[in-house]
Amino acid sequence: DGILRTARTLAIGRGYIAAGGGIDRLSFAPADWPALVTSGALVETRISMTDAAAALAGATVPVPPGEGDFLHLWTGLIDPPAVGQNLLGQQAFTSAVGSLGPGETVLVLISSGAFSHRGTDWKRSGAFERVTVVQGDTRLHPDAGGYSMVKRLAIAGAPEVKEISLFRLPPEIDPLEPFRVEVRATRPAPAGEVAASVGADYRLPDAYRLAPVAEPEALWREIWAEKRVETGIVVAMLAVLTLILFAQEWITRRPKLWLLSRAGFLATTLFVLGWGLNGQLSVVQVIAFVHSLLTGFRWETFLIEPVIFLLWSFTALGMLFWGRGVYCGWLCPFGALQELLNLAARRLGVKQLAVPQALHERLWVIKYTLFVGLLALSFYSMRDALVMAEAEPFKTAISLRMWRAWPFVLYVIVLLGAGLFIERFYCRYLCPLGAGIAIPAKLKVFDWLKRRPQCGRECRLCETKCTVGAIDPLGRINANECVLCLRCQVVMNDPGICPVLKRRARGAEGVPA
Ligand code: SF4
Ligand code: SF4
């Protein structure tokens with residue numbers, strides 16, 4: 001539903017479809033011939049032999065008067081399946097409307113009687129000059145290129161007819177406005193030509209129109225109102241996270257509180273935000289954002305998904321203040337899944353692998369290359385970029401909750417399996433989204449993560465404990481890699497762990513260091 005709504009909003013925004021409703025090309029309900037005629041889907045007109053004889057009086061070959069039909073005509077647009085599919089059957093209907101270009105529609109003319117609405121001149125001239133479609137100042141004869149003949153009607157209750165023609169109408173004929181279909185019969189006369197016309201006024205009945213869609217702005221407002229509960233939950237989570245970040249010094253001096261709040265928050269991120277509300281950001285949104293900046297930014301396009309919009313807004317603001325860790329460390333459901341699984345693995349005694357620093361830093365290149373490659377590819381082919389974005393396991397693990405074809409599931413299992421031995425393996429080396437939001441890390445305003453002068457020189461404990469290996473052997477924190485988990489702050493504030501604090505304590509007690 002969300003995807004369809006987004007697509008519709010984008011289509012309206014780009015002018016592919018009218019904002020004021022359109023032909024209902026989706027609804028279908030079985031109907032018979034009398035129902036279509038009664039509903040106005042087919043309009044009917046006729047001229048008897050007697051009337052035609054009068055109109056064509058003086059013709060070299062006169063029309064004999066009589067009670068029969070000179071022309072009995074039914075016409076209308078077949079684009080709504082409720083009309084076309086009932087009239088022609090599914091296969092013929094699909095082939096009639098399947099190749100329509102933007103703004104094109106299909107008009108059917110069904111007739112019986114002595115006169116042919118098609119004639120044969122069109123084979124020579126390339127246009128059906130007997131038929132004219134009139135709308136305002138526009139008058140056109142259907143051309144032969146857009147014509148197809150139908151042999152029989154599939155609908156129940158249809159009368160015996162002689163000719164069935166489908167004509168593709170160009171966008172100049174607005175299907176939502178009334179138009180007239182005229183059929184003109186001419187006969188040579190000694191003084192030139194005599195003619196008789198029969199016309200049917202057509203207007204697409206309301207039953208086959210979409211209700212006018214709300215303006216995109218109204219649409220997003222409506223969605224936000226609908227998703228009040230979801231947005232409330234996300235806002236509450238963001239408020240709690242803001243509190244944690246502002247109170248980080250106080251929290252990190254209490255290791256148990258830190259562990260409890262971190263594990264609790266990550267579990268909420270995974271179960272509520274991820275699996276519950278589908279609040280997983282993706283590199284695809286970064287690409288869409290870049291493209292929208294280049295092709296015309298519209299707030300409505302992004303406001304249409306409230307949870308994602310809130311997450312991106314907070315992430316953007318958080319990146320400016322604290323760096324990408326605001327999202328990666330706390331709000332990414334897949335990041336949370338990896339960290340919680342690794343926490344469980346370590347509790348179960350799974351030995352962690354230490355990646356040598358030189359290799360560790362070289363492996364970072366993969367995620368940045370993936371990000372740049374995806375962005376570059378999107379300018380060449382958005383479709384290929386979307387396929388390549390499957391490098392992200394989010395869709396499988398979070399959006400589809402592992403209900404997917406086995407190769408995708410296997411890929412996620414391999415990543416999570418690697419994460420049991422190397423914490424946040426995917427975040428460290430592969431995540432293009434993490435790479436994308438790490439790039440502006442140097443812009444961050446606050447640097448609240450503390451270091452001691454002894455870090456890296458006398459002690460490298462934080463380096464070994466860091467969730468993603470963001471601390472280098474000199475004890476410096478790499479802002480591009482740090483996920484703001486605060487673990488190093490807990491270590492450096494814990495007098496039972498940090499060697500510098502231990503030494504100070506021993507000094508205070510007069511114990512020789
Ligand atoms: S690096 Fe990627 S997977 Fe890891 S937390 Fe950040 S966005 Fe999520
Ligand atoms: S341990 Fe420290 S440096 Fe490493 S990710 Fe957490 S906050 Fe950042």
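Helices α8 (residues 228–246) and α10 (residues 255–276) have axes that come within 12 Å and cross at roughly 165 degrees. This is a predicted model, where local features need pLDDT of at least 70, side-chain atom pairs count only at pLDDT 80 or more, and totals for chains, interfaces and linings use all residues. Residues are numbered from 1 along each chain as its sequence is written, chains are lettered from A and ligands numbered from 1 in the order in which they are written, and side-chain values use heavy atoms, leaving out hydrogens and water.

**The helix pair**
- The two helices, α8 and α10, are therefore roughly antiparallel (angles over 145 degrees count as that).
- On the α8 side, I233, V234, M237, V240, L241 and I244 meet F265, T268, T269, V272 and L273 of α10 (contact means heavy atoms within 4.5 Å).
- Sorted by class, this contact of α8 with α10 has 9 nonpolar, 2 polar and no charged residues (Ala, Val, Leu, Ile, Met, Phe, Trp, Tyr, Cys and Pro are nonpolar, Asp, Glu, Lys and Arg charged, and the others, Gly among them, polar).

**Around ligand 2**
- The residues around ligand 2 include C466, C482, C485, C488 and R487 (a heavy atom within 4 Å puts a residue near a molecule).
- That shell around ligand 2 splits into 11 nonpolar, no polar and 1 charged.

**Q454**
- You'll find Q454 in the loop between α21 (432–438) and α22 (461–465).
- Q454 is buried, at 18% relative accessible area (buried means under 20%, with a 1.4 Å probe and protein chains only).
- Leaving aside neighbours within four places in sequence, Q454 touches C459, V500 and R503.

Technical notes: Axes are lines fitted to C-alpha atoms, for helices over the stretch in contact, and angles run from 0 to 180 degrees between N-to-C directions. Helices (H or I, at least four residues) and strands (E, at least two) are DSSP runs, numbered from the N terminus. Angles under 35 degrees count as roughly parallel, over 145 as roughly antiparallel, 65 to 115 as roughly perpendicular and the rest as oblique. Buried means under 20% relative accessible area, exposed over 50%, partly exposed in between (1.4 Å probe, protein chains only).
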